Protein chains: 6
Amino acid sequence: MLNKNIETFIGCDNEYDESGIVIFGAPFDSTTSFRPGTRFASKVMRGESFGIETYSPYQNKDLEDFNVYDGGDLELSFGNTERALGQIEEYTRKVVQDGKIPCMIGGEHLVTLGAVRAVAEQYPDLHIIQFDAHADLRDDYLDEKLSHATVIHRVWDILGDGRIFQFGIRSGDRSEFEWGRNHVFTNKFNFNGLEEIVESLKGKPVYLTIDLDVLDPSVFPGTGTPEAGGVSFMELLQGILTVSGLNIVGCDVNELSPIYDQSGVSTAVACKVLRELILAVGTEK
Amino acid sequence: MLNKNIETFIGCDNEYDESGIVIFGAPFDSTTSFRPGTRFASKVMRGESFGIETYSPYQNKDLEDFNVYDGGDLELSFGNTERALGQIEEYTRKVVQDGKIPCMIGGEHLVTLGAVRAVAEQYPDLHIIQFDAHADLRDDYLDEKLSHATVIHRVWDILGDGRIFQFGIRSGDRSEFEWGRNHVFTNKFNFNGLEEIVESLKGKPVYLTIDLDVLDPSVFPGTGTPEAGGVSFMELLQGILTVSGLNIVGCDVNELSPIYDQSGVSTAVACKVLRELILAVGTEK
Amino acid sequence: MLNKNIETFIGCDNEYDESGIVIFGAPFDSTTSFRPGTRFASKVMRGESFGIETYSPYQNKDLEDFNVYDGGDLELSFGNTERALGQIEEYTRKVVQDGKIPCMIGGEHLVTLGAVRAVAEQYPDLHIIQFDAHADLRDDYLDEKLSHATVIHRVWDILGDGRIFQFGIRSGDRSEFEWGRNHVFTNKFNFNGLEEIVESLKGKPVYLTIDLDVLDPSVFPGTGTPEAGGVSFMELLQGILTVSGLNIVGCDVNELSPIYDQSGVSTAVACKVLRELILAVGTEK
Amino acid sequence: MLNKNIETFIGCDNEYDESGIVIFGAPFDSTTSFRPGTRFASKVMRGESFGIETYSPYQNKDLEDFNVYDGGDLELSFGNTERALGQIEEYTRKVVQDGKIPCMIGGEHLVTLGAVRAVAEQYPDLHIIQFDAHADLRDDYLDEKLSHATVIHRVWDILGDGRIFQFGIRSGDRSEFEWGRNHVFTNKFNFNGLEEIVESLKGKPVYLTIDLDVLDPSVFPGTGTPEAGGVSFMELLQGILTVSGLNIVGCDVNELSPIYDQSGVSTAVACKVLRELILAVGTEK
Amino acid sequence: MLNKNIETFIGCDNEYDESGIVIFGAPFDSTTSFRPGTRFASKVMRGESFGIETYSPYQNKDLEDFNVYDGGDLELSFGNTERALGQIEEYTRKVVQDGKIPCMIGGEHLVTLGAVRAVAEQYPDLHIIQFDAHADLRDDYLDEKLSHATVIHRVWDILGDGRIFQFGIRSGDRSEFEWGRNHVFTNKFNFNGLEEIVESLKGKPVYLTIDLDVLDPSVFPGTGTPEAGGVSFMELLQGILTVSGLNIVGCDVNELSPIYDQSGVSTAVACKVLRELILAVGTEK
Amino acid sequence: MLNKNIETFIGCDNEYDESGIVIFGAPFDSTTSFRPGTRFASKVMRGESFGIETYSPYQNKDLEDFNVYDGGDLELSFGNTERALGQIEEYTRKVVQDGKIPCMIGGEHLVTLGAVRAVAEQYPDLHIIQFDAHADLRDDYLDEKLSHATVIHRVWDILGDGRIFQFGIRSGDRSEFEWGRNHVFTNKFNFNGLEEIVESLKGKPVYLTIDLDVLDPSVFPGTGTPEAGGVSFMELLQGILTVSGLNIVGCDVNELSPIYDQSGVSTAVACKVLRELILAVGTEK
């Protein structure tokens, strides 16, 4: 009764040493060019996660049968992008060196770069699967190299051609799509072709990055740049399950901006996506 | 011009004696464990119902051709669950004894228990069809026997095995699903199999309880515990039409919490569901 | 650096003389009987349009390759309906007489009447394609002849039988549907049959009016009278593309009421619909 | 238990014949030039009035000791200003001819014109006391003679010089203040001088019109045109009490726009102002 | 870096044994008759507390110089009022028996009863100072003895005449004020007379209960029953400082309902009140 | 009728060359550590400014009698703080070199640093008057030198001791207040002593920076870090008028974050503050 108030995502209250998955928040949104606010995603998700169950009727699995550690939120430097990425990289490096799967909650999509730097260091043959509404392939954005709009181009700087697989993309400028044609695999609008890609990646280390704005804004209005014409929750869930047979060595969910959805539905959706993601990539006790 | 201000759901301004359907509000949400607020549903629905038409292009029927009485809201005891259920039971008993169909607007789902007690007394062979996101089959919840999370288990206490048919269920703890397997019929996620069930229930007295959170949160965010992956309005409408051939002796719609959807869309959806429900179960003048 | 602040819809910053399409706002909602607020649509859309891209991956076209002029908002008389319609008519007449396509942003749907008066004057053989949730075919509404609920009846007064083609209609009173059966083509609920209608209208001048409430309220809650059971963004987009082969001589989008959707998603959807509409009906430089 | 649902403002459920005060709603806002929505004020106030008590600790009086009839809302023509004013005038005439005090809930401030027409007919020596942030003295607004911005000028057309007394005014264009100097009494910013005016009006018939935006926007954000620098609730209450000794033959409260204050505080304030107003101008049983 | 996520109110992260003050949340609102939602107050306050500083320029003290333990939230039974009160009582008893000051965050005001039961047991000569908008003196409410509207009457059942001192009261029914006249000290509307009362209570054990709705709704809209005409933050702060010289043996702040103030200002105010309260009643290390 | 849509703050539509005051937006909030969103302030203020009048009854002046140019918003680099400050500095330099008064709309408070760099270059004897809730005197914040929380310390780096005068301060950590005691003049909580300071600064060049959170959150909830206990609008207005006799060579208003106040009241207040500021520091034609 008289214990300190430990707040974790529901069912993720295991000790670090015994855990196979480590979730942590990366509350950073300084390069967001349109509507900021993703910095509050991880904190709000923890609080609201108690509105969902630990049990998934989709996968017939229960978070209570998994060892997941919730490390809380990193304390990141607002306004100093390079330093913040370094802090994310350092934390992720510790997790992967300890043989655990990092599962980061953004923040804006740029946070993925910090995590991928550390994961790619450990797994040089790393491949990326990206669920997203936006291509994020610009080389620079308003003269900046480090931006939510350039993050996958920066990831490509590390990994090179043939390693990045995008699904659900429905927004970008013309040059992004043209550049992408030669460097990454892009499937527009939906998850068509995902099964074939998964087949070809069997056995390889894969980082899965889920920009939640891949969802239709009707399902997920609480995001900085809502893009009409997205996928449904069931399609995203199916996408996660399709990927789950792979060797996922790191993952993230990002771009929830709770303030823009005062019904709380976007947060509830994000919590459920995270639950299903953990159940899909983790290993039961 | 100088009459008192009578406020009813649109098109439901008939006298009690001449009516076949009696709608009434049960503004109770004291056992809601996550986000309360359903107590305001019936009042807000009456006010907003004037944004919809009395005519349904789906059924080609018009509320003005039906005799429906709106009895307003019961004045229930907040914080005394057993007493509030008794008040609901008493009102419903009067309605069914007068040979009318009670159509209750919740409130949290627990209010269904009060109505079912009275209806089952009149119709001992009562069966239940439940459209819902949540199984609501716990035996107790935080040590309480009477809770929105236990309501269908309590209904089962009255009716026993083989009388309860659930559709759209996508949330619960593992034990609920396991217990349910032996005692109720549960179809997860959607309305598959509804037609067969309806076929088997022909001629029997049926109580239809619609927890509006069976709808996808994109369609119906204004509820206490939104669950991603629900049905569309057209699917729910089809479900109601499928059931409409049965001998419906009581029904309810519940779990609208208007404060969580400030766009008013959830209320508008609830009003349309209620209109279609009345047109489906009632008899034209 | 030191220029005045010109605010246009994204990518629509061309000069009037060089432009083929003229967009302008008609901020009028005085006859709205339920929830007003569409008067703010055009202003809010301009501001938020910078959250979308000029490039469409659906049509592989870019607004920057089109000549579009944004004339800002008309200054309309609130509370004097006939005068406001006259102001809209006058502006539209100038645009069509200069050989350009007017593309109006409402406002409530009644504004369409002002534009159609001018366009029909120039193109006596004008036909109307209407995407809408509501039939808008009443002859009068609360004794008023000029109303958002009568606008298409007023358009019929000008054009007569066989010229009006409605799609997506799912709300109206019984008399509207009955009257409509003899005077206009109505396809309820969706866009079925649109291709045949388009085939039959080849070569004829067509005015396309998009009441955005044809969209499902989950996609577009920010409107005065949300109607459950609408089309998805992809269906509306497909509808626009289907129509795009016709000789569109005028068009409008209307009934966005930003205040009712504080997530901003409805505005973002409206912006994308307008982008796709311009790309579909315009001609590349 | 089985009565129809009569909805009145709290404690105002008496019969017409026995009542001394008649409250009614005038849900009209068609000439509002900035943010509409006052049409919903009376309906929302009735519903929320049950959050306050009938007893006033300020006046030590209780609504239950007064005979007040609530006639509900007039059904007004949106978009036809003259007709709507005529409907208000007609209803008010009936009330004053029956020797009762009309107490109207707006709507935009223009509704006052309809009521004053009828009251001035009965009481040719009528005087007006106006609590307001805005002078409302324009002769026309965007070329319209009938507008929320011209209403007091129109009232002056009926009553002439020396009959109108404004308090709390803090917004207007320069010409309004200049014109007003010769035709009405205006006290800017607060209620200074109200006692002297009240002294001078002893025994004369007075119509009190309270534009609730006289309150500071911190107290009352839910209005179309919030103006910083207003009075507190206690100052407004004191203003009402100061006036209460006069022969008030009609009154109104207007310009609540509930949608702009989702906390509900503005509505709660409006309810309390209305309670205090009734207790101040009415007579105990 | 790799510690579990402990979430406390800002600056209240000390160990239980070393602390003089114990804060804990009592998330209960089942008897709320108007607008529920206070159950979320403590959780939201912890999260938002990081928007304020630990240092108070008013008292020139810093939370970091105090030993305060945050025990998190009690897990209370929704819908079973007596059991929930028992859980609060039990927790409070442990705290007071350990010689510490309990500082509870409500929840609805009824939670005070649970805490007072335990504190009065330890300190039979207990006195109560209540800052509140509502008298809360009903003997029953809708036939219930245990209610937010009866809580101070229930406290009186324990303590008897002459022990309860109310300030700021501005709402209640007539009978409450009349009953109160003989049993409790009530100062309406403000804190006049507080200094004299404080003088008379020197040396006696005092429980301070702050219903935050004593604040004006402009300052604190996020509450279930906002009452116009309240005190300012500076007045409440002065009230707390005035009381601080007494022997405060327990205290609470209650009735924040975050959902009703989406600006977050009410939560920020509540956090600052709690900070000042702790600094006022605690002892520096 | 067919002009491009030029959007300026109301009454500020003069040409650059003829203007004495230049307003421009600095939409930057990347270092905001709590709630971001001030980037939208200037755009939203322009749109909403048409809800206020150009005439001030407080100063009996009218914006239409002043020459003010609105240069729109700077396009700043998100996430690159130093570059963004450079862009602000460059624009301000142009304005002051042309002999005009820059009047910047933030953005977070850090933008003041960019403007002050340019103004201090032109006026080496520059003094600063700061109206603010927060001291903003930290030397670094989360290891960053450039932050909203350090901005006045950075300004001090340029100007040195005895040049900075703070009013209204009610939040900071203890070290800020202690450091400030030796380097700047700080008046806590209100504007006491402002007249004496103004007297002592007669004839000297002064930059006035108004962090709008100096206002009480009841008046101005739409800001990132609301601090209870602030000044009223009338007090702030009086503060501006007191300062207006000085030689104001630059000024700014900042920290409006519109998303946090969906009533729009904060924006309306900010517009009125800007109107009064322009009227106070400008020169009539």
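Predicted model: local features only at pLDDT ≥ 70, side-chain atom pairs only at ≥ 80, totals over all residues.
Q: Hi! Where does C:F189 lie in chain C?
A: C:F189 sits in the loop between β8 (185–188) and α6 (194–200) of chain C.

Q: Thanks. Back to C:F189, what is its phi?
A: Phi of C:F189 is near 75 degrees, which is positive in a residue other than glycine. Most residues other than glycine have a negative phi, and most peptide bonds are trans. F:N60 also has a positive phi, near 50 degrees, and F:N60 is in the loop between β2 (55–56) and β3 (61–62) of chain F.

Q: And the peptide bond from B:G106 to B:G107, cis or trans?
A: That bond is cis, with omega near 15 degrees. B:G107 belongs to the loop between β5 (101–106) and α3 (111–122) of chain B. In chain A, A:G106 and A:G107 are joined by a cis peptide bond with omega of about 10 degrees, and A:G107 is in the loop between β5 (101–106) and α3 of that chain.

Q: New topic: helices. At what angle do α3 and α4 of chain A cross?
A: Helix α3 (residues 111–122) and helix α4 (residues 151–159) of chain A cross at roughly 15 degrees, with axes that come within 10 Å. Axes are lines fitted to C-alpha atoms, for helices over the stretch in contact, and angles run from 0 to 180 degrees between N-to-C directions. α3(A) and α4(A) are therefore roughly parallel to each other; angles under 35 degrees count as that, over 145 as roughly antiparallel, 65 to 115 as roughly perpendicular and the rest as oblique.

Q: Which residues of α3(A) make the contact with α4(A)?
A: They are A:T112, A:L113, A:V116, A:R117 and A:A120, facing A:V151, A:R154, A:V155, A:I158 and A:L159 of α4(A). Contact means heavy atoms within 4.5 Å.

Q: What about α2(D) and α3(D), at what angle do they pack?
A: Helix α2 (residues 81–97) and helix α3 (residues 111–122) of chain D pack at about 40 degrees, their axes 7 Å apart. That makes α2(D) oblique to α3(D).

Q: Switching to salt bridges: what is the count over all chains?
A: The rule gives 126 salt bridges over all chains, where a salt bridge is a side-chain nitrogen of Lys or Arg within 4 Å of a carboxyl oxygen of Asp or Glu. One of them pairs A:E121 with A:R93, with the closest N and O atoms 2.7 Å apart. A:E121 is in helix α3 of chain A and A:R93 in helix α2 (residues 81–97) of chain A, so this pair ties together parts that are 28 residues apart in sequence.

Q: How many salt bridges are there between chain A and chain F?
A: The count is 2. A:R83 makes a salt bridge with F:E144, the closest N and O atoms being 3.4 Å apart.

Q: What area is buried between chain A and chain F?
A: About 2000 Å², with carbon and sulfur atoms giving 50% of that. Buried area is the accessible area (1.4 Å probe) that two parts lose on being put together, summed over both. On the chain A side, A:F78, A:L142 and A:E144 lose the most area to chain F, together 24% of what that side buries. In residues, 25 of chain A are in contact with 25 of chain F.

Q: And how much do chain D and chain F bury between them?
A: About 1800 Å², 54% of it on carbon and sulfur atoms. D:F34, D:R174 and D:A228 lose the most area in chain D, together 32% of what that side buries. D:R174 also meets F:D65 in a salt bridge (3.3 Å, N to O), and the rule finds 3 salt bridges across this interface.

Q: Last one: how far apart are the nearest C-alpha atoms of chain C and chain E?
A: They are 11 Å apart, and the two chains do not touch. Chain B and chain F have no contact either, with their closest C-alpha atoms 12 Å apart.

Technical notes:
Residues numbered from 1 in each chain as written. Chains lettered and ligands numbered in written order. Heavy atoms only, no water. Helix = DSSP H or I, 4+ residues; strand = E, 2+ residues; numbered from the N terminus.
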